[in-house]
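Look it over first, then read on.

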Amino acid sequence: MLALKHMMVITKREFSEQYLEFFHRHQVNGVISTLCNGTATDSTLDALSLEKTEKLMFETMVREQDMDGVISGLIKEMKIDGAGNGIALFLPVDGVGSSSLKYFIGEREVQKKEEQVMVESKSILIITIVDKGNTELVMDAARAAGAGGGTVMRAKGTGAEIAKFFGVSISEEKEMVYIVASRKGRDDIMRAIMEKAGRNTEAHGVVFSLPVDKVIGIREFEQI
């Protein structure tokens, strides 16, 4: 295990410039961003007098020694724990190619790899990849199994261009659904998604999960 965390921040698109400045201030390098959308139902949005908004997902690596400063900054500077301002996830990293390390940590001195004790996380990130147009099918199945909301990412390409994410090839006709859940609810949610939107359905979906070290912005998961 490396002393690095994979950080994912999902926030409003209008905050893009502020977050880029935030990452620069905190020496966070190698940031990639993707447009995505929330999955709140129309009835929920109407009840809260909200409109559907485009969201932005930032992904990068954070050094273990920088975690406290970044988390503090997300709360104090970016107000990420405020209603509707977004969420941040931190996932353990098993390894990074030696030639790629400086891309993530910049020109700062590379310290000797720190061994970490693997601790089973209490929160997990469920990622589902389905054919375009099946997002609601996935979310209906997940909610029926106890999941909350989710975030959708659409991979865009032209011609034969292929996007690769987590080692899975994704054509422009695919959608990815991200759901944060408790570990105890993982199996039920994944099973429900596979039954309704799995490989043997018209959605042709695949599902996998990743451990999450820390969640900010969802009180239910901040406390577990």
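## Terms and model

Helices (H or I, at least four residues) and strands (E, at least two) are DSSP runs, numbered from the N terminus. Residues are numbered from 1 along each chain as its sequence is written. This is a predicted model: local features need pLDDT of at least 70, side-chain atom pairs count only at pLDDT 80 or more, and totals for chains, interfaces and linings use all residues, while side-chain values use heavy atoms, with hydrogens and water left out.

## Two loop residues with positive phi

Q27 sits in the loop between α1 (16-25) and β2 (32-38). Its phi is positive, about 55°, although Q27 is not a glycine. Q27 counts as partly exposed because its relative accessibility is 44%.

H204 is a residue other than glycine that also has a positive phi, near 50°. H204 lies in the loop between α6 (183-197) and β10 (206-212). Its relative accessibility is 36%, so H204 counts as partly exposed.

Which residues of α1 are buried? They are Y19, F22 and F23. Seen down the axis of α1, the buried residues fall within an arc of 95°, so they line one face of the helix. The arc is that of the directions from the helix axis to the C-beta atoms. E17 and H24, on the other side of α1, are exposed.

What do the buried residues of α1 pack against? Their partners are β1 (4-12), β3 (54-63) and α3 (67-76). Contact here means heavy atoms within 4.5 Å. After α1 comes Q27, with its positive phi near 55°.

## Nonpolar cores

A nonpolar core is a set of buried Ala, Val, Leu, Ile, Met, Phe, Trp, Tyr and Cys residues joined through side-chain atoms within 4.5 Å. The largest one has 19 residues, of which M7, Y19, L74 and F90 touch the most other members. At least two residues of this core come from each of β1, α1, β3, α3 and β4 (87-92). With four residues, α3 gives the most.

Y19 touches V9, T11, F58, L74, M78 and I80, leaving aside residues up to four places away in sequence. Another core lies apart from the largest one. This other core has 17 residues, including A147, I189, M190 and V207.

## Aromatic pairs

Rings of Phe, Tyr and Trp (its six-membered ring) pair if their centres lie within 6.5 Å; planes under 30 degrees apart count as stacked, over 60 as edge-to-face and the rest as tilted. How many aromatic pairs does a search of the whole structure find? It finds five. One of them joins Y19 and F22, edge-to-face, at 6.2 Å centre to centre with 70° between the planes. Y19 and F22 are three residues apart in helix α1, so about one helical turn separates them. Y19 has a relative accessibility of 0% and counts as buried. F22 is buried too, with a relative accessible area of 0%.

F23 and F58 also form an edge-to-face pair, 5.2 Å centre to centre and 75° between the planes. F23 lies in helix α1 and F58 in strand β3, so this pair ties together parts that are 35 residues apart in sequence. F23 counts as buried at 1% relative accessibility, and F58 does so at 3%. Y19, F22, F23 and F58 form one aromatic cluster.

Technical notes: Buried means under 20% relative accessible area, exposed over 50%, partly exposed in between (1.4 Å probe, protein chains only).
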